[in-house]
Amino acid sequence: MTFKEQLLQGIPNELPAKKKYDKNVNHAPKRKAILDDEEKKLALENALRYFDKKHHKELLPEFREELEKYGRIYMYRFKPDYNFHARSIDEYPGKSLQAKGIMLMIQNNLDPEVAQHPDELITYGGNGAVFQNWAQYLLTMQYLANMDDTQTLVMYSGHPMGLFPSHENAPRVVVTNGMMIPNYSQPDDWEKFNALGVTQYGQMTAGSYMYIGPQGIVHGTTITVLNAGRKISKDGEGLAGKLFVTSGLGGMSGAQPKAGNIAGCITICAEVNLKAIETRHKQGWVDEVIDDVEKLAERVQKAKDKKEVVSIAFHGNIVDIWEYFAENNIYIDLGSDQTSLHNPWAGGYYPVTLSFEEAQKMMAEDPDQFKKEVQESLRRQADAINKHTSKGTYFFDYGNAFLLEASRAGADIMAENGKDFIYPSYVQDIMGPMCFDYGFGPFRWVCASGKEEDLQKTDEIAAAILKQIMERSPAEIQQQMQDNIQWIKGARENKLVVGSKARILYADAEGRMEIAKAFNDAIGNGEIGPVILGRDHHDVSGTDSPFRETSNIYDGSRFTADMAIQNVIGDSFRGATWVSIHNGGGVGWGEVINGGFGMILEGNKASEDRLKSMLFWDVNNGIARRNWARNEGAIFTAKRAMESNPQLKITIPNLVDPTLFD
């Protein structure tokens, strides 16, 4: 069968041959055994309902074995044999260009060059899934290949509920992931209901089909490291010869060494999983690999002396670095952590007391002891970090729930008031006040043709638009504009593409709309093929996350989720091609609500109308909320947005004189 025929077929009528477990692939760890006997039976019934009754007898023991062996039913037998990658949009079957674009993005998320655990349909973060099993993938692709522009596909946590009649201006796909009743949103609830096959953790851009590999975070990471460097700069000097220490080389965290190189510092990134290191080294995202902490210290000293720009992957535990460098008085200028601590008990964090293999075994067989080991490791890590910060190191939480989980472990990281952490979130100190409050966030696009020349053309268009906007921009955002122009100029030489021909660029509402319109015009003129717009959920409006995206909201509303819900509702009727809303993502299940979108530009007037309406709302919804929280930059941006569009009326807060309370 051809590729198109396989997509149109969906779940095959006859069972494909059982597949051997591929030991060369980076697999998800075995999940916690949490179901009782009745629940295991229910999980198996839930899995078998995707298949004709004639196959149940053969599939039942196979699915039972997967559940016992891996803690989940992935249906490995049904993974297609074709290669997973973002093909040209023309290679996908279908009646709807928009649906074809979504198929392209789904396959990009499952590309083994992109996905963390491709055989388990997990894109990044240890548990950020596109689907729960391969039957869901097959059925979804079949629906997309057959639908037209008067239908909408409804996705419930990876399960395609079906095609429903709608209209051409409605989203082609609406995605929800992990939307639990609030009292059932604890970590063990995810373990249980995911094992039952009724919900999943979509992370941010995994379950919403908008992940573009580590490039998706490298721009934001570069901005973060650059601005962290500006905070510690004494005389306006840059980061040359300064040391940045962090950890994690998986999906999103894999961007850190590349960002360190672009920012111009020495970067050490610890990672316990050798396969993750090998992937990033092969892709050119990290320069060197060292597995001995003494040799690492020697290499760092040499780099400091020569003021080298170099990134080093340390194959080992981050705690060993913090402790050894403290004992040997090796100064660390910047410190952070990007292990997946939103998922601490199932492979997101590996304790220093265990080898990688020992940890993999213990988390499945003795989860209570594993939790104790993780918490002890977090206490040790925090103690070592405190020693460095007492000497002047600037440490910031990278939104991965490090401080949250360290506090739950009893680490010494709480402020005197018992409420706040002694270290800021990078959003509190950097991204919030410098970017999000002014509307700047991770706008991204994918060239659906798959052509390198289309990507180059879009880079040129974006750079030209930014230069024009900068000439008329107010002083308050000149630094952001300059950083973004510098970024887009260097994007190609830094070889950021992994998977789809994609680009990310921090832009505000004005920049996003003008760049998108210029793309749409170029498509209409035949200069480039269709373009898929999107963004990370880690943005101005899309995410309510009290310990990350909205951590610089101080009016008491940071534990509310109205903004994220309003965002996805508003995007859906203003022209998005698909929308998504998730529980969990980045900082953990039950800790955040986040939403995203995708929009396909077809080069026509309808696309232009949609982009103008939707992109304006998608940013200014968050500006309005941040303004109401009395954030100075957002008040400025809200007033500026109203000047640009007289139809916009935002409620501006009246500021209270603090001396009234004296």
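**Group meeting: contacts in the model**

Let me open with Phe395, which is buried at 2% relative accessibility. Buried here means under 20% relative accessible area, exposed means over 50%, and partly exposed is in between, with a 1.4 Å probe and protein chains only.

Quick housekeeping. This is a predicted model, so local features need pLDDT of at least 70 and side-chain atom pairs count only at pLDDT 80 or more, while totals for chains, interfaces and linings use all residues. Numbering runs from 1 along each chain as its sequence is written, and side-chain values use heavy atoms, with hydrogens and water left out.

OK, rings. The count comes to 30 aromatic pairs. The rule takes rings of Phe, Tyr and Trp (its six-membered ring) with centres within 6.5 Å; planes under 30 degrees apart are stacked, over 60 edge-to-face, and the rest tilted. So how are the rings of Phe395 and Tyr423 arranged? Their centres are 5.2 Å apart and their planes sit at 65°, so that's an edge-to-face pair. The pair links distant parts of the chain, 28 residues apart: Phe395 is in strand β11 (394-395), and Tyr423 is in the loop between α14 (402-408) and α15 (426-434). For those labels, helices are DSSP runs of H or I with at least four residues, strands are runs of E with at least two, and numbering goes from the N terminus. Tyr423 is buried as well, at 9%.

Elsewhere, ring pairs link Phe3, Tyr82, Phe84, Tyr92, Phe131, Trp134, Tyr137 and Tyr209 into a cluster. Phe3 also has Arg87 over its face, 3.8 Å from the ring centre. For that I want NZ of Lys or CZ of Arg within 6 Å of the ring centre and within 35 degrees of the ring normal. Arg574 does likewise over Trp617, at 4.3 Å from the ring centre.

Next up, charges. How many salt bridges does a search of the whole structure find? It finds 35, taking a side-chain nitrogen of Lys or Arg within 4 Å of a carboxyl oxygen of Asp or Glu.

Take Lys282 and Glu113, with 3.5 Å from N to O. Lys282 is in helix α9 (274-282) and Glu113 is in the loop between α4 (97-109) and β1 (122-124), so the bridge ties together parts 169 residues apart in sequence. Lys282 is exposed at 61%, and Glu113 is partly exposed at 35%.

Then there's Asp483 with Arg230, where the closest N and O atoms are 3.0 Å apart. Asp483 belongs to helix α17 (478-490) and Arg230 to helix α7 (215-232), so this pair ties together parts 253 residues apart in sequence. Asp483 is buried at 15%, whereas Arg230 is partly exposed at 36%.

And Arg548 bridges to Glu549, with the closest N and O atoms 2.9 Å apart. Buried or exposed? Arg548 is buried at 9%, and Glu549 is buried at 0%. There's a network too: salt bridges that share partners join Arg472, Glu510, Glu514 and Arg640.

Last stop, the surface. Met179, Ile565, Ile569 and Phe573 make a nonpolar patch of about 370 Å². Patch residues have over 30% relative accessible area and no salt bridge; nonpolar side chains (Val, Leu, Ile, Met, Phe, Trp, Tyr) are joined within 5 Å, like charges within 9 Å. Areas are Shrake-Rupley with a 1.4 Å probe, and for residues only the protein chains shown count as cover. Ile569 sits in helix α19 (562-574) and is partly exposed at 43%.
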